[in-house]
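Here is a short briefing on one protein chain. Look at the structure first, then read the points by topic.

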Amino acid sequence: CDYDGFMAGSLTMAGPAAPPAPATGQAFRSRDVGPRYPIARTVILVDVPYAAEFAQARYDALYVAGNDTEAASVWARRGASLVVPVAEPVHLPFAEKAVDVVIANLAAPRARHLLPYILELARVAADDGALVFLHSDQPLAGHPDHTAFTLVDAWLAGRGKWARKVDVCRDDSRILLCPATTDRRACVAPGALLRQAPSYDDALVLEKRKAPPALEHACCSTKTKCTRRCFAFTRGHALTRTIADPTRQALVLREAPVGRLRYWDERRIVTNYDDVWASRYKKEHEKAWHDIYVGHEGFLPDKREWPPAFDALVRTKKIKSILDAGGGTASLDAHLRKQGLRSRVTLVAFGFYDCSMARVAAERGSLIFDWTWLDPLPFCEACTFDVVFQAEGIHHSVPRKVFHNIEKYCPKAGRRLDVNASFVADDPPRRRLDVTRDASLARPPRRRLDPLPAARHDPVSPQ
């Protein structure tokens, strides 16, 4: 049979068998992710202690900590971590559908408002991706008669006072709960977005539904063109093969550890976005689209800007950590995986044009977070990198401030970062993924995580 994405040729194997449901009395362990989600690679752990199981080569794990101390404890064990302080409303610096598996600690302060918190985590989860909520068996703050199990069950079923819908079209991307009785198209039943999966005694497990019909035209009618490009929840194409598809699983596992780089549906991932970077770039620059970003029939070329000598330094462990600044489609991660070097280095990447560029990275199993070069990077003081790498991205930024924000994460004994002071940014700052992009591909898009003063400028990378 043919793989409906990149050509796969003839298959002689069956897809992986579905794993058994957790037995009664079984507590969740991080190693339980692997059997149920055999080709899942990207994992974010929110307010969760370091887990050694995710240090193996098959995973790209990133820990989201609430303070510097927690982030440093993960970094000390060679795990990658971000510092995202607890704030209301909760917003994580990732694009929609960016992560295969999300693991979150419901006992942490960040989970105080449970339902909006679950929706924010669901936003960043891939279609058919998993959301694992630890400590779901504990009474909830403000609702001592309920646990996460009972409350979420009532919410998804639309029972009683927990019968609330989800406004998926908020302009400021702050997910809002709607009354259950509303007939607004933008308000969608939570059961249309999420389903319950086999859970554990102490951990609730949800999965994000693939291509929910309720999301079609939820934010834009069929008669008018959307002025926004990226939404908190996008339907996606119903025929796209997700990480739960048995055929894709068999193909990816057959070519481990690089199967995710080859077997993904390049043709369909942007079909439900309106005029985003990927759809326009592919149309206007077909050759560069394949040569630089997605490869040919799943075979991605080597990273042309990455010095070959650095591969040898990674192989000999003289380079142990890399910050990919302006990572775009995360092609550096793809390069290191193809060379068999990814497990030897801690790699963290940030910065992309819009949701479609981040989606390319996500489909290939690469993790990248959304951040502007002009803000202090969200790393702990002890979290430094052996190499800060950027390819054709820093020229979008105001040089002096970018240098100040990046150079502090280079080891003091070997800082080298040259910036041409004549570069000037010409676009105001926006870091939210749902804001209209400029019409010209030559101009950087506008993205905003939260409101910023109009006088500042937004950097991006075209990588």
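Buried means under 20% relative accessible area, exposed means over 50%, and partly exposed lies in between, with a 1.4 Å probe and protein chains only. This is a predicted model: local features need pLDDT of at least 70, side-chain atom pairs count only at pLDDT 80 or more, and totals for chains, interfaces and linings use all residues. Residues are numbered from 1 along each chain as its sequence is written, and side-chain values use heavy atoms, with hydrogens and water left out.

**The chain overall**

- The chain has 12 helices and 15 strands. Both are DSSP runs numbered from the N terminus: helices are H or I with at least four residues, strands are E with at least two.
- Of the 463 residues in the chain, 56% are buried.
- The accessible surface comes to about 19300 Å², and carbon and sulfur atoms hold 53% of that surface. Accessible areas come from the Shrake-Rupley method with a 1.4 Å probe; for residues, only the protein chains shown count as cover.
- Contact means heavy atoms within 4.5 Å. Among contacts with a separation of 6 or more, 68% join residues 24 or more positions apart.

- Helix α3 is mostly covered, with 10 of its 11 residues buried.
- Those buried residues are Leu114, Leu115, Tyr117, Ile118, Leu119, Glu120, Leu121, Ala122, Arg123 and Val124.
- Two packed helices are described by the angle between their axes and the distance between the axes. Axes are lines fitted to C-alpha atoms, for helices over the stretch in contact, and angles run from 0 to 180 degrees between N-to-C directions.
- Helix α3 (residues 114-124) packs on helix α4 (residues 148-157) at about 75°, with the axes 11 Å apart. That makes α3 roughly perpendicular to α4. The cut-offs are under 35 degrees for roughly parallel, over 145 for roughly antiparallel, 65 to 115 for roughly perpendicular, and oblique for the rest.
- Leu114, Leu115, Ile118 and Leu119 of α3 meet Ala148, Leu151, Val152 and Trp155 of α4.
- By class, this contact of α3 with α4 has 8 nonpolar, no polar and no charged residues. Ala, Val, Leu, Ile, Met, Phe, Trp, Tyr, Cys and Pro count as nonpolar, Asp, Glu, Lys and Arg as charged, and the others, Gly among them, as polar.

**Helices α7 and α8**

- Helix α7 (residues 277-284) and α8 pack at an angle of about 115°, with their axes 5 Å apart.
- Trp277, Ala278, Tyr281, Lys282 and Glu284 of α7 touch Glu286, Ala288, Trp289, Ile292 and Tyr293 of α8.
- This contact of α7 with α8 has 7 nonpolar, no polar and 3 charged residues.

**Aromatic rings**

- Rings of Phe, Tyr and Trp (its six-membered ring) pair if their centres lie within 6.5 Å; planes under 30 degrees apart count as stacked, over 60 as edge-to-face and the rest as tilted.
- By this rule there are 16 aromatic pairs. Tyr50 and Tyr63 form a stacked pair, 5.9 Å centre to centre with 20° between the planes.
- This pair links distant parts of the chain: Tyr50 is in the loop between β1 (42-46) and β2 (60-65), while Tyr63 is in strand β2, 13 residues apart.
- Tyr63 is buried, at 3% relative accessible area.
- The rings of Trp289 and Tyr293 have centres 6.5 Å apart and planes at 40°, so this pair is tilted.
- Trp289 and Tyr293 are 4 residues apart in helix α8 (residues 286-294), about one helical turn. Trp289 is buried at 1%, and Tyr293 is buried at 5%.
- Ring pairs also link Trp75, Phe350, Phe369, Trp371, Phe379 and Phe385 into a cluster.

**Helix α10**

- Helix α10 (residues 331-338) has 7 of its 8 residues buried, so it is largely enclosed by the rest of the structure.
- The buried residues of α10 pack against β2, α6 (259-262), α9 (308-315), β13 (321-325), β14 (346-350) and β15 (387-389).

**Two partly exposed residues**

- Asp202 sits in the loop between β11 (194-196) and β12 (203-208). Asp202 is partly exposed, at 22% relative accessible area.
- Asp202 and Phe133 are 69 residues apart in sequence and 8.5 Å apart in space, C-alpha to C-alpha.
- Leu253 is in helix α5 (residues 246-254) and is partly exposed, at 40%.
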